[in-house]
Amino acid sequence: ESDYPLALDRYRKAVRLLEAQSKVVPPNVLTNMGVLCHETKQYDEALEMYGRALLAVEAEHPDAASRVDESGEGTFVRHKDNDLFWKFVDVSFLVKAVEGEDKTKLTVISSRTDIDALGVKVGDDISLEGGVEASIKDISKGDDGAIHITVKDAVELASPESKLSVKRSNGRLENPSSISIAFNLARLHESSGRIVPAIELHKAILKQHPSYVNSYLRLACIARDCGSLKDCSEWLKNAVAVAPGNPEVLTLVGNLHLSLCDWAPAQN
């Protein structure tokens, strides 16, 4: 640990040298800098380095960078602290407030008459003009055939009619080259006390890459630290199924048995 500040200083000098020569800084260099910033508790700089690393990966794999989850079926991250992995996408229709006192209801202005063709669904997070954000609670048709969107909380539109955008995955988690960066960012969330986005990101990693054992282990550790030994056990079972001979997996399984005073399995 005493070498971390020195190593980070050398990385910074190397990056400055590359940038002075107008050379591209490789993603692994930026990721390593993020880890070193994390270890030295420079969390804001660590977040910046991971963001730059993701951009560098996209520069190397431009095709992967353009994959936006239009259907929402592959959008597994929504927390504001995980905004490196999602974006708001325009759905090409307007909404207006419903006349009356109900500020949770919006009327869709569109030539589309089918709810399924709107490109949004119940549970989606949306953004309206003026920086207003909301979550969709219900979508229904009125007696007049108009489509109404009900949001969870009251909203004030910045203008009589507003564009609507929906939160969707930006495709970064689909790229295998981005997964170690995403994992390190989830660990950064943990160290910074942001447990909810950490859990969300670990689970999203596993949705896209079910054999990524490190996220199973972190979810097990988080569950253990939160006092949920049952959830810890479930995550460890998944880890064992993926990597049965992994020493770290076996160690955590043994520690779980010890905490339950289950001596024989712990010794094994």
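Leaving aside its neighbours within four places in sequence, which residues is His 189 in contact with? I started my notebook with that.

**Ground rules.** I am working on a predicted model, where local features need pLDDT of at least 70, side-chain atom pairs count only at pLDDT 80 or more, and totals for chains, interfaces and linings use all residues. Residues are numbered from 1 along each chain as its sequence is written, and side-chain values use heavy atoms, with hydrogens and water left out.

**Entry 1: His 189.** I found His 189 in helix H5. Helices are DSSP runs of H or I with at least four residues, strands are runs of E with at least two, and both are numbered from the N terminus. The contacts I listed for His 189 are Asp 81, Asn 82, Arg 194, Ile 195, Pro 197, Ala 198 and Leu 201; contact means heavy atoms within 4.5 Å. His 189 has 1% relative accessibility, so it counts as buried (under 20% relative accessible area, with a 1.4 Å probe and protein chains only).

**Entry 2: H5 and its partner.** I looked up how H5 (residues 179-191) packs with H7 (residues 213-225): the angle is about 10 degrees and the axes are 11 Å apart. The axes are lines fitted to C-alpha atoms over the stretch in contact, and angles run from 0 to 180 degrees between N-to-C directions. H5 and H7 are therefore roughly parallel (angles under 35 degrees). Phe 183, Arg 187 and Glu 190 of H5 meet Asn 214, Ser 215, Arg 218 and Ile 222 of H7.

**Entry 3: the whole chain.** I noted ten helices and six strands. Of the 268 residues, 40% count as buried.

Definitions and conventions: Buried means under 20% relative accessible area, exposed over 50%, partly exposed in between (1.4 Å probe, protein chains only). Angles under 35 degrees count as roughly parallel, over 145 as roughly antiparallel, 65 to 115 as roughly perpendicular and the rest as oblique.
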